[in-house]
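This briefing goes through selected features of the structure shown below, grouped by topic. It is meant to be read alongside the coordinates.

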Amino acid sequence: MPEPTTLPTTLFEKIWRRHVVREETADTPAILYIDLQLLHEVTTPQAFDELKRRGLKVRRPDRCLATIDHSTPTSAPDADGTRHYVTEQAKAQVEMLHRNCAEHGIVLHGWDSPNRGIVHVMGPEMGATQPGMTIVCGDSHTATHGAFGALAFGIGTTEVGHVLATQCLLQRKPNTLGIHIEGNLAPGVTAKDVILHVIGAVGVDGGTGSVIEYFGSTVRAMDMEMRMTLCNMSIECGARAGMVAPDQTTFNYLDGRPQGPQGADWSRAVADWKTLKTDDGARFDRLVEIDAAGIRPSVTWGTNPGMMMAIDARIPDRADASTRDALEYMQLHGGARLAGEPVNVVFIGSCTNARLGDLRAAASVLKDRRVAAGTRMLVVPGSEATRKAAEAEGLDRIFTAAGAEWREPGCSMCIGMNGDVARPGDLVVSTSNRNFKGRQGRGVRTVLASPLTAAASAVTGRVTDPREFLEQQP
Amino acid sequence: MNDSPVADTRAAMGVLESRTFNLPVDNIDTDQIIPAQFLTTTERTGLGQYCFYGWRYNDDGSPKASNPLRKHDAATQQVLVAGANFGCGSSREHAPWALLDFGFRAVISSRFADIFRGNALKNGLLPVQVDEAVADWLLDHPDQTVRIDIANHTLDIEGNGTFDFPLDPFSAYCLTRGIDQLDFILQNEDAVEEFERL
């Protein structure tokens, strides 16, 4: 589709324009066409009910992709295939998605699918996520798919119903926030550390009302998994969407994926995708500059992701109510170090950090080492495909030999809906995305970290700078 | 549409007059508003019992002595005043469903998270965004009588002035007439079909 103007525009603006069904006016929001809706069991039952109540059908079942991930057990099934759900209600929720998808002709990747996984891991692996698309899901971490140069964002259940019924959403055009990251990452610094650093710089609500575009040499050098980690946590600074312009790294990742364009369609698609970038001279509403050289392995010390610091720094010593409340909950002290704090549980998983590269990073630390006595470590691959790839490399054996639990794919302890929770008061070093109070279980203290930092902390049983282990590499 | 409390709130709203109830905490995330353990429900009703659950109950389910909502009077205090960045985190629409079922009809804050704001407006829970100075004054002065006029998007604090708050005209239109936003998209079905043909 030709661009209606030659003025320099942002990547976001280009994708937005391609999807406007009806322009916004002072009185009405734009009607935006949605290319792909991802569905899971938690945020969809009431949307399907609404369709039923109104006698509406799903307009485009072919533009829906469903899986089960949040309420599903990550323990292995019994020999007879029985799965142990945390409650009957969790099981009923999963069964309801099966019924709703069957009724409306939507493909659902359930227990028997080799593709099943966390929705934001599965979509890209299948090639369903493609540059230039609009993608939504009743899940705030939908921004993950922006790593491919898609406009992807989380919506509520009422909006899930809107998209099911009409394939459209009512949207006011958001602002743009450019995040320019330049330079090389130091050893031991991962995409997770970059995004925690960005959230610290922008603030926990600094991105509200905005779509982020991440760009610069640091981002260009990242592989697709790293870009997904980066975009995934955009919501943690308030931005509904985060995106990276597609490039050869993107095309190489997508080439040959089953749901991607095939044959002659592939070269046509790539030619189009190459136009999806922010033009020279295009303006962001706001621009933040980040020096990659200044980023160190990072962790959170408080109860929202903006409460972060470099792992070798001291916990902020401030008297404001938020800081005091967070430190009281975390049982930590301002001015003290977090490194060295005893760790009860280590969780490697979630849509942020449960892809093959994350598992490899954790395994590189755990190889020929043991998880510390008294520390529990869960490793939960993001999808069946990731699990299979990891097992083919023997990563599962490294984890189990170290004394960690190698579990079935799912959201698991990131949100704890399936019963994978820690005990009250436990300190969890977690590769997930939220350290809110009670998120990983009542009274549980979450420290967000990279897979390297989490694995290093598992070995020592204390919050540990992963660079100590890099120096020990043979 | 009349068989559940949440559905009822989607009926037309005009002016809400109520006393305020304060939760002077910044960054109240949706995990606080309704913890994830209660999201296995397939209903949108009856979630008030889980609203701020971790703040109201101990691990063993007994009431918390420190519960900041223990003095909330659902009959008279339908307006919640909270710290900045209310509703951050997860996209769960269960958050406004729980707040409504608990008895709130509006939330006043100096900043709202985007997804929460959208979810609230679609369920008749009014996000009233005011300047920090106004929010801070309300947080310092609990149990005020306020009058929220949706059509004119004004907040009147009895005896202490009237303040504008931003409200998307389309949302105001839908709220004051009890119109469902889905109907608006459905009315444009021809345009959607045309778009899909191109």
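This is a predicted model: local features need pLDDT of at least 70, side-chain atom pairs count only at pLDDT 80 or more; totals for chains, interfaces and linings use all residues.

**Helix packing, burial and the chain contact**

In chain A, α12(A) and α15(A) cross in a right-handed sense.

- The axes of helix α12 (residues 356-366) of chain A and helix α15 (residues 451-460) of chain A come within 8 Å of each other, and they cross at roughly 30°.
- Because angles under 35 degrees count as roughly parallel, that crossing makes α12(A) roughly parallel to α15(A).
- On the α12(A) side the contact is formed by A:D358, A:A361, A:A362, A:V365 and A:L366, which meet A:P451, A:L452, A:A454, A:A455, A:A456 and A:V459 of α15(A).
- By residue class, the contact of α12(A) with α15(A) divides into 10 nonpolar residues, no polar residues and 1 charged residue.

**Surroundings of α15(A)**

- Helix α15(A) is mostly covered, with 9 of its 10 residues buried; among them are A:T453, A:S457 and A:A458, as well as A:P451 and A:V459, which also take part in the contact with α12(A).
- The elements of chain A against which the buried residues of α15(A) pack are β13 (298-300), β15, α12, β16 (376-379), β18 (427-430) and α16 (467-470).
- Just after α15(A), the backbone at A:G461 takes a positive phi of about 75°.

- A:A354 lies in the loop that runs between β15 (345-348) and α12 of chain A.
- A residue counts as buried if 20 or more other C-beta atoms lie within 10 Å of its own, and A:A354 is therefore buried, with 33 such atoms within that distance.
- Although A:A354 and A:G382 are 28 residues apart in sequence, their C-alpha atoms are 4.6 Å apart in space.

**Helix α13(A)**

- Just after α13(A), A:G394 takes a positive phi of about 85°.

**Contact between chains A and B**

- The contact takes 54 residues from chain A and 41 residues from chain B.
- On the side of chain A that touches chain B, at least two residues each come from β1 (20-22), β2 (30-33), α2 (45-54), α3 (88-104), α5 (157-166) and β8 (168-171), and α5(A) gives the most, with 6 residues.
- The residues on that side of chain A divide into 19 nonpolar, 25 polar and 10 charged.

**Chain B as a whole**

- The secondary structure of chain B comes to 9 helices and 7 strands, and its C-alpha trace spans about 60 × 45 × 30 Å along its principal axes.
- Of the 198 residues of chain B, 48% count as buried.
- Among contacts in chain B between residues at least 6 apart in sequence, 67% join residues at least 24 apart.

Technical notes:
Residues are numbered from 1 along each chain as its sequence is written. Chains are lettered from A and ligands numbered from 1 in the order in which they are written. Two residues are in contact if their C-beta atoms, placed from the backbone, lie within 7 Å. Helices (H or I, at least four residues) and strands (E, at least two) are DSSP runs, numbered from the N terminus. Ala, Val, Leu, Ile, Met, Phe, Trp, Tyr, Cys and Pro count as nonpolar, Asp, Glu, Lys and Arg as charged, and the others, Gly among them, as polar. Axes are lines fitted to C-alpha atoms, for helices over the stretch in contact, and angles run from 0 to 180 degrees between N-to-C directions. Angles under 35 degrees count as roughly parallel, over 145 as roughly antiparallel, 65 to 115 as roughly perpendicular and the rest as oblique. A crossing is left-handed if the near helix is turned anticlockwise from the far one by less than a right angle, and right-handed if clockwise. A residue is buried if 20 or more other C-beta atoms lie within 10 Å of its own, exposed if 12 or fewer, and partly exposed in between; C-beta atoms are placed from the backbone.
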